[in-house]
Amino acid sequence: MNYTKTLREYCLSNVGSIFDVSKMKELHFSMIPYKTLLKILNRLEEEKLVKKVSKGVYYINERVLSLNETIYEEYVEGGRGMFVGYKLYNQLGVSKHHDDIIEIYTNRLATKHKYIGNYIITQVDVPYNIDVCCLIQSLELIQNGYKIIDKDEDAYIQNMDLPLAQYKEYAFQLINDAKKYNYSTICTLDRKLSKYCIPNKCLETYNKKYPIE
């Protein structure tokens, strides 16, 4: 097999997309030794077919989408992930403070983190359906509320508490398996769910996964 030809053809068929070396090797190019794969990508970069945007991450050129659009399509859209941090707070009206860093949780990484430009992309391997996203939203606001700059208190409380009305135990189990929140955050979640008379086993589930020593 001509590895260079195979990789070039893939890139030509996927212009405007992200090529994450670890993920692509796992999914499509397991037959190519890792070092060989990197050498070919370096050659394709010299041809300006790909552009390195981060360690182990390339952007396939002849841009069909902007890099921002491509990152959204690759790591967020279609249940692949969600924005957190100030991008989320801005969307919810919780804060008007804009941070240059954009944070994403996604199930599309083969490594724990990727840094692409001003994006911090973190592997949190869950299906990003409405139940999971709403619960992550509440957990993020509970855990980080004290340090949110320019916080609108009414919007903060509303966006932290309203999603809890559709709390699902399976969603907490998925999130708890994929990401460890602070114990104090789970205690607050349990207290809020009890306040709204929503049955749950979040503390029990958390303690089984992360027993206090």
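1. Where is Gly117 found? Gly117 sits in the loop between β6 (113-116) and β7 (119-123). Strands here are DSSP runs of E, at least two residues, and helices are runs of H or I, at least four, numbered from the N terminus.

2. The model is predicted: local features need pLDDT of at least 70, side-chain atom pairs count only at pLDDT 80 or more, and totals for chains, interfaces and linings use all residues. Residues are numbered from 1 along each chain as its sequence is written, and side-chain values use heavy atoms, with hydrogens and water left out.

3. Gly117 counts as exposed because its relative accessibility is 71%. The cut-offs are over 50% for exposed, under 20% for buried and partly exposed in between (1.4 Å probe, protein chains only).

4. Overall, the protein has 10 helices and 7 strands. Its C-alpha trace spans about 65 × 40 × 30 Å along the principal axes. Of its 213 residues, 47% are buried.

5. Helix α7 covers residues 153-161. Ala155, Tyr156, Asn159, Met160 and Asp161 are buried there. Their cover includes α5 (85-92), α6 (130-144) and α9 (183-195). An α-helix has 3.6 residues a turn, so residues three or four places apart point the same way.

6. At the start of α7, a side-chain oxygen of Asp152 comes to within 3.1 Å of the backbone nitrogen of Asp154.

7. Contacts (heavy atoms within 4.5 Å) can be split by sequence separation. Of those with a separation of 6 or more, 60% join residues 24 or more positions apart.

Key
A polar contact is a pair of N or O atoms within 3.5 Å; within protein, one must be able to donate a hydrogen and the other to accept it, and residues adjacent in sequence count only if both atoms are side-chain atoms.
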